[in-house]
Amino acid sequence: MALAMNLGRLSNQSLLRNKGYLYNAVRCGSDDTPPPWNYLWQPGKYSKKDHDKIAEKYHLHPKEYKPLPESACMGDYPDLPMIGPGAKDPYYPYDLPVYKKNYHETLHHKFDIMTEMHYDFGYKHRFEPHIGALICITFMAAFALVFYIGHKYPTFVPVMEKQYPYKGQVHYTFEPADEK
């Protein structure tokens with residue numbers, strides 16, 4: 001019994017220290033939306049008369065909601081801008097900091113390729129990727145040219161002949177000494 005009380009006390013203390021757990025619990029409990037089961041959130045057919053209801057389903061304002069084109073075959077899923085997590089504010093206290101995503105934020109339909117491990121859409125690079133590739137190729141070509149030109153002229157370490165005190169005299173050998 002004492003063990004159960006200690007575990008309960010420790011879990012309550014850790015929950016109260018970390019406000020993120022508390023905030024998420026309150027947000028989830030205060031919603032009138034159905035539980036997050038996958039079959040409830042699959043895209044359905046888009047109709048203009050249900051525009052406001054569909055926008056509410058994806059937690060968007062009706063003026064912000066625009067469905068994907070019919071060529072994408074995603075039904076009523078919203079057409080969201082491609083902004084990856086690298087382009088978002090790193091200091092904002094996100095609910096899911098790994099993905100830089102908040103609770104009830106609608107995911108882009110290509111969310112799996114928009115992580116920081118893959119190409120990061122919307123991120124402002126110091127150099128454009130094609131300029132960076134051109135710099136790399138130029139750098140490698142310059143080194144290859146220097147290697148090709150220098151390969152014709154072999155290099156060596158200049159060393160002088162060993163100098164002994166008396167020329168022609170054997171100072172030591174590795175042969176066994178003669179015993180007399």
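Helices here are DSSP runs of H or I with at least four residues, strands are runs of E with at least two, and both are numbered from the N terminus. The unreviewed UniProt entry places a "transmembrane region" at 131-150; its positions follow the numbering used here, feature names are shortened, and annotations may be inferred rather than shown by experiment.

Before moving on, a word on the model: it is predicted, local features need pLDDT of at least 70, side-chain atom pairs count only at pLDDT 80 or more, and totals for chains, interfaces and linings use all residues. Residues are numbered from 1 along each chain as its sequence is written, and side-chain values use heavy atoms, leaving out hydrogens and water.

Now zoom out and colour by secondary structure: you get four helices and zero strands, in the order α-α-α-α. Of the chain's 180 residues, 14% are buried (under 20% relative accessible area, 1.4 Å probe, protein chains only).

Next, pick Asp76, in the loop between helix H3 (51-57) and helix H4 (129-150). Is Asp76 buried or exposed? Asp76 is buried, at 3% relative accessible area.

Show the side chains of Asp76 and Tyr58, which a polar contact of 2.9 Å joins (N or O atoms within 3.5 Å; within protein, one able to donate a hydrogen and the other to accept it, with sequence-adjacent residues counting only if both atoms are side-chain atoms). Finally, select what else Asp76 touches (heavy atoms within 4.5 Å): beyond four places in sequence, the neighbours include Pro43, Gly44, Lys45, Tyr46 and Tyr65.

Conventions
Buried < 20%, exposed > 50% of the residue type's maximum accessible area, 1.4 Å probe, protein only.
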